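Here is my note on the model you sent. Please keep the structure open while you read the points.

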Amino acid sequence: MPSFSLQCEHFEINQKRFQFFLETIMARGPKKHMKRITAPKSWMLSKLGGNWTTRPSQGPHKLRESIPLSVILQHKLKYALYARDATMILADKDGNIKVDGKVRTDSGYPVGLQDVITIDKTRENYRVLYDVQGKFILKSIKPEEAKFKLVKVTQKKVGPNNVPYIVTNDARTIRYPNPDIHVNDTLKIDLESGKVVEFLKEEPGNLCYIIGGNNIGRVGLIQHRERHLGSFDIVHVKDSNGKHFSTRINNIFTIGKGKKSLISLPDDNGLYLTALEKKQVKDHQEVEKQ
């Protein structure tokens, strides 16, 4: 056995090594920059458009599951040529851009799935969705549809003083929810009041939208759910073309009772087509034009 003094000496050496290791890896504060090459593929940014892009601020959505307002104004809506132009549009005192009914002036504000973007001056309303390739798209919607949004319940707990509450995928905390609401259910939120108007259960026969995994962006009817204790439950889905696929339950987002959707779907209607199927559809459209 080594002596006590030798043990203390080894401890001090290891402590100094660990301190040096921490100094080499620890950052001095939060990261404020993002290189274009490391930006999420869902933003669809070109490689030759410069070295840098806008980094999303901290907000209701995760960094890689959101897109900043500056990128939307530049590359999706084409209202700004440069980031400076987008900043000036957002900083205008008229409150040009609203997200979920609230004026947002931060160019890095993270906009995520199901968020509603409103531009009063042009009378435009958009809902943020994924296409079947996993890219962010802005689906143009009517003013009536822009009054609500759908959110998914991610947590259900009991807080201090035995107050029950639920947490949604856009970081909303709702106290005293309906006892029938559970995790993975979908809520219809009125954006003006912030209250729950309706809720949809994650159960067979309902229409769902895939928000993650290899089948992201696809839409179909829930068939059944496989339960795996200690692992991820698997949900089997069937789309309107009759194709079957399965995904983890975390990727399921219920959007309608039965076959009727509460929201407007993307132009592809959430249907994944192979290269051959796309060619057949294109040929059929050309024949119809003739």
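**Notes on pockets and strands**

1. Start with the largest pocket. Its lining has 26 residues, and K62, E65, N169, I211 and N250 lie nearest its centre. A pocket here is an open set of points on a 1 Å grid over the protein atoms alone, with protein on both sides within 12 Å along at least five of seven lines; lining residues have an atom within 4 Å of a point.

2. Note the basis. This is a predicted model, where local features need pLDDT of at least 70 and side-chain atom pairs count only at pLDDT 80 or more, while totals for chains, interfaces and linings use all residues. Residues are numbered from 1 along each chain as its sequence is written, and side-chain values use heavy atoms, without hydrogens and water.

3. The volume of the largest pocket is about 660 Å³. A volume is the space filled by probe spheres set on the grid points, which are joined across faces, edges and corners. Strand β10 gives the largest share of this lining, 3 residues. By class, the lining has 9 nonpolar, 11 polar and 6 charged residues. Asp, Glu, Lys and Arg count as charged; Ala, Val, Leu, Ile, Met, Phe, Trp, Tyr, Cys and Pro as nonpolar; the others, Gly among them, as polar.

4. The second largest pocket has a volume of about 240 Å³. Of its 14 lining residues, D100, K102, R104, Y109 and R172 are the closest to its centre. This lining has 5 nonpolar, 2 polar and 7 charged residues.

5. Now follow strand β13, residues 186–190. Strands are DSSP runs of E, at least two residues, numbered from the N terminus. In β13, 4 of the 5 residues are buried (under 20% relative accessible area, with a 1.4 Å probe and protein chains only). β13 pairs with β10 (residues 148–158) in the antiparallel sense over 5 bridges; two strands pair if DSSP finds at least two bridges between them.

6. T186 has L200 as its bridge partner. The two strands form a hairpin with 5 residues between them, and G194 in the turn has a positive phi of about 80°.

7. Which strands make up the open sheet of 5 strands? The order is β5-β4-β7-β8-β9, with antiparallel pairing. β5 (102–103) and β9 (136–140) are at the edges with a single partner strand each, so one side of each has no neighbour in the sheet. β8 (residues 124–130) pairs with β9 over 5 bridges, and Y130 has F136 as its bridge partner.

Definitions and conventions. Buried means under 20% relative accessible area, exposed over 50%, partly exposed in between (1.4 Å probe, protein chains only). On a 1 Å grid over the protein atoms alone, a cavity is a set of points where a 1.4 Å probe fits but cannot get out, and a pocket is an open set with protein on both sides within 12 Å along at least five of seven lines; lining residues have an atom within 4 Å of a point.
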